[in-house]
Number of protein chains: 2
Amino acid sequence: MDTTEFRKRGKEMVDYIADYFEQLEERQVYPDVEPGYLRPLIPDSAPQEPEGFEDVLKDVERIIMPGVTHWHSPYFFAYFPTASSFPALLADVLSGGLGCIGFSWAASPACTELETVMLDWLGKMINLPEEFLAGKDGEGGGVIQGSASEATLVTLLAARTKTIRRVQSENPELTEADIMSKLVAYASDQAHSSVERAGLIGGVKIKNIPSDDKFTVCGSALKKVLHEDRTAGLIPFFFCATLGTTPCCSFDRLLELGPICNKENIWMHIDAAYAGSAFICPEFRHLLNGVEFADSFNFNPHKWLLVNFDCSAMWVKKRSDLTNAFKLDPLYLQHCHQESGLVTDYRHWQIPLGRRFRSLKMWFVFRMYGVKGLQEYIRKHVKLSHEFENLVLQDKRFEICAEVTLGLVCFRLKGSNELNEALLKSINEARKIHLVPCHLREKFVLRFAICSRTVESVHIQFAWKHISELATELLNA
Amino acid sequence: MDTTEFRKRGKEMVDYIADYFEQLEERQVYPDVEPGYLRPLIPDSAPQEPEGFEDVLKDVERIIMPGVTHWHSPYFFAYFPTASSFPALLADVLSGGLGCIGFSWAASPACTELETVMLDWLGKMINLPEEFLAGKDGEGGGVIQGSASEATLVTLLAARTKTIRRVQSENPELTEADIMSKLVAYASDQAHSSVERAGLIGGVKIKNIPSDDKFTVCGSALKKVLHEDRTAGLIPFFFCATLGTTPCCSFDRLLELGPICNKENIWMHIDAAYAGSAFICPEFRHLLNGVEFADSFNFNPHKWLLVNFDCSAMWVKKRSDLTNAFKLDPLYLQHCHQESGLVTDYRHWQIPLGRRFRSLKMWFVFRMYGVKGLQEYIRKHVKLSHEFENLVLQDKRFEICAEVTLGLVCFRLKGSNELNEALLKSINEARKIHLVPCHLREKFVLRFAICSRTVESVHIQFAWKHISELATELLNA
């Protein structure tokens, strides 16, 4: 394909995507296919001779679309939102076209420098303490990770290295293995599974801190476990606080937890993967109070800030904590500026070496929406979740299971778990809307997450009417 | 931005990218900017009010382009290639538009199933042993990772878990920490820095195996180290063989190493990040002989197979080895098909949870080039590297430093390292072409990698004439 054909096909693809969005409401949100549906539809092996673009595009509609879960349908209320916006799509085309790999400053200076500045912009938008910003000569700064899982892993590893070095300098007789075997990390029993996974990967113990009846971790709960573990000879080194847990969007009490971590020499990381985007609105910023005690903070603009996946924003107060944990510098990756102090080589901040030019997406989205446009978008979602909450509250058969703070409503039929499992099954089998469940303590709960960029009151009303009718059918049966 | 404006702006962006490629040869391959150049060019914080697309696009030319290293310029000979092709760009637009997040089968069945089948296609293209393919009821299969670094890390972690469980079942008195402290992984002294990093992350010892005078690891070298380490009470568990090392594209001797690893219960992973793409050509497939002994294999279509970053292909013989190492299943990620045996939930195969629909890129590229088109592309690059090699060999002032097998030529002026450092400096400062160096033993060496999709003989001839003239200037000075 030459540039002339690319111009033609590229424009056809742009139209295909525009058509897709215009007609998305008519597509069934969750597919009918069964596991293994795709293999029989396509050849066993790649073709020897080239095929034309038109044949491939035809197959997209025939083979791919029947198996797509439409995350951007206004009838999609599952998981959490994943971002989608036109400015981000445009930026991604540019990023793909340039195709530079920004593992070091020299590998593409613009790629690295725009990222540092965009993370400063975003940090200011949520009013992060200045220590987290790079500025011209700060010690902190931000980086784009692929996912919150990677942010948690990277900070846990940095904390692990830092702690091993500290303990070894205080107790030179201890080996690294001795220390590793005593290290223990913590997170809420409501924290995302990726936190437990980070512990598994890093080869350290990871323990749940019991959350209270609001599903939040408070200072006394952490203190109790720390006391037990210190007494047992363990070395607490990392606490991952969650703002906006995945099951029910609860918030750990940073203002109690932060001072404990600081006093006890424990790295506090904050995972605000979903909720973080809301902090651009002054009325939600109080949820982030206490971030000043943290060593690192992360949230996902690719969830709720209209920057398409992947774009997980992470900040640290001391970037040397990250780079010290990972730095390896083979000659083929060195460049003449790297020791200048002015330069950021992001490969030392992350697990992979290669990285795309993802900050373009942030730049396009922040400029083409403006802070006000982004705030409006967040507020619309929160308003819609309260609209749904009120509909649930008006129906005596149902109960709300956790406080509705942002765009997630946890609800269930008053009654057994089996009853609620049956309700969810009938909802998802009807294919008109799509939800996923969670457990809150022993209860099976339905999660209703406001997800789509184009979801409006009319879709919320439709969804509730539909759920309510299915509940009636179920209760009558 | 509504769909009408997206149609318009999307097409303008397609034209911008087409123009970029048409004029790429005229852009200076390596930028003139100094560290910190970008920050003064843009505002301190995000705008409150939205800005127009035209203003943003104007700033791309004004602010971004002056700081871009043009990886796809035909004058770019640094690092290794990073893939770029129009079919992949088109697929990425589609992937961005659909914007589904395929962490589980249910989250988007097409996203998971196309990936499994594409990895089978690609496995067949390089004639991987059937055990690595998923097929309809195989135990193996492939997955797209973000980078070779992640593939190495994931397999090392899987091997770690598998070994700990085995050793514990044989020696129930040993704790996990005891075993961890004895585990040792290996790779060539020529292996990529990401292998050492995987060891650091996984909290295990990692040792270099000395390569021979051809920079390859042979069986006897591994055997010697294994013997020493077993005698010292260590537990060897993982060996990462490299096919196509980063410094000089050398190949470890799989046929000697594989049987040793199999006999000694050591997981053999093969990192063929760059070289792997060449195995689609029958004349290069012999370089992969011995893969039948490996537990896992990885190469990067995003390097040399025209599938834009990121797309790192990894296969395992037993996918349960991966999933057993990581599996955590919170309720909100469970779905009714997951225990059916037919379903792949790729979140258990990787570090992050979220994942884009990257297999579309493979599907578009494989179909629109055909296997023959891809083979032609590989062969063109190999031919050009031999053309450059011959130019070097004809100049008595220079020497070739390692066998030229694929698209990389390592060369230097006969003489001191300082002389060669000065030569590289003058090459990169002239800004007409871009190279990076490496160390081969004590020697400072220049790497000339065939990178661009559009590079032709004329660019090779130009590059050599330029290098040769700069060498003359240097030697005369």
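This is a predicted model: local features need pLDDT of at least 70, side-chain atom pairs count only at pLDDT 80 or more; totals for chains, interfaces and linings use all residues.
A word on conventions: local features are described where pLDDT is at least 70 and side-chain atom pairs where it is 80 or more, while totals for chains, interfaces and linings use all residues. Residues are numbered from 1 along each chain as its sequence is written, chains are lettered from A in the order in which they are written, and side-chain values use heavy atoms, with hydrogens and water left out.

**View 1. How the two copies are related.** Chain B can be laid on chain A with an RMSD of 0.0 Å, using a turn of 180° and a shift of 0.0 Å along the axis. This is the relation of a two-fold axis. Both copies use the same surface, and 100% of the contact residues of chain B recur in chain A. The superposition is by least squares on the C-alpha atoms of residues with pLDDT of at least 70 in both copies.

**View 2. The interface of chain B and chain A.** Here 140 residues of chain B are in contact with 140 residues of chain A (contact means heavy atoms within 4.5 Å). The two chains bury about 12600 Å² between them, with 68% of it on carbon and sulfur atoms. Buried area is the accessible area, taken with a 1.4 Å probe, that two parts lose on being put together, summed over both. Between the chains there are 60 residue pairs in polar contact, both residues at pLDDT 80 or more. A polar contact is a pair of N or O atoms within 3.5 Å; within protein, one must be able to donate a hydrogen and the other to accept it, and residues adjacent in sequence count only if both atoms are side-chain atoms. On the side of chain B that touches chain A, helix H1 (residues 3-22) gives the most, with 16 residues. Helices (H or I, at least four residues) and strands (E, at least two) are DSSP runs, numbered from the N terminus. The residues on this side of chain B divide into 81 nonpolar, 31 polar and 28 charged.

**View 3. Arg356(A) and its aspartate partners.** The side chains of Arg356(A) and Asp310(A) meet in a salt bridge at 2.2 Å, N to O (a side-chain nitrogen of Lys or Arg within 4 Å of a carboxyl oxygen of Asp or Glu). Arg356(A) lies in the loop between helix H11 (319-326) and helix H12 (359-393), and Asp310(A) in the loop between H10 and strand S7 (312-316), so this pair ties together parts that are 46 residues apart in sequence. Arg356(A) also forms a salt bridge with Asp310(B), at 4.0 Å, N to O.

**View 4. Cis peptide bonds at Asp310.** Most peptide bonds are trans. In chain A, a cis peptide bond with omega of about 0° joins Phe309(A) and Asp310(A). Phe309(B) and Asp310(B) are likewise joined by a cis peptide bond, with omega of about 0°. Asp310(B) sits in the loop between helix H10 (301-304) and strand S7 (312-316) of chain B.

View 5. Lys303(A) lies in helix H10 (residues 301-304) of chain A. Not counting residues up to four places away in sequence, Lys303(A) touches Phe80(A), Pro81(A), Thr82(A), Ala83(A), Ala273(A) and Tyr274(A).

**View 6. Arg431(A) and backbone oxygens.** Arg431(A) lies in the loop between helix H13 (417-430) and strand S10 (436-440) of chain A. Its side chain reaches the backbone oxygen of Asn428(A) at 3.0 Å, and a polar atom of that side chain lies 3.2 Å from the backbone oxygen of Pro31(A).

Technical notes
Ala, Val, Leu, Ile, Met, Phe, Trp, Tyr, Cys and Pro count as nonpolar, Asp, Glu, Lys and Arg as charged, and the others, Gly among them, as polar.
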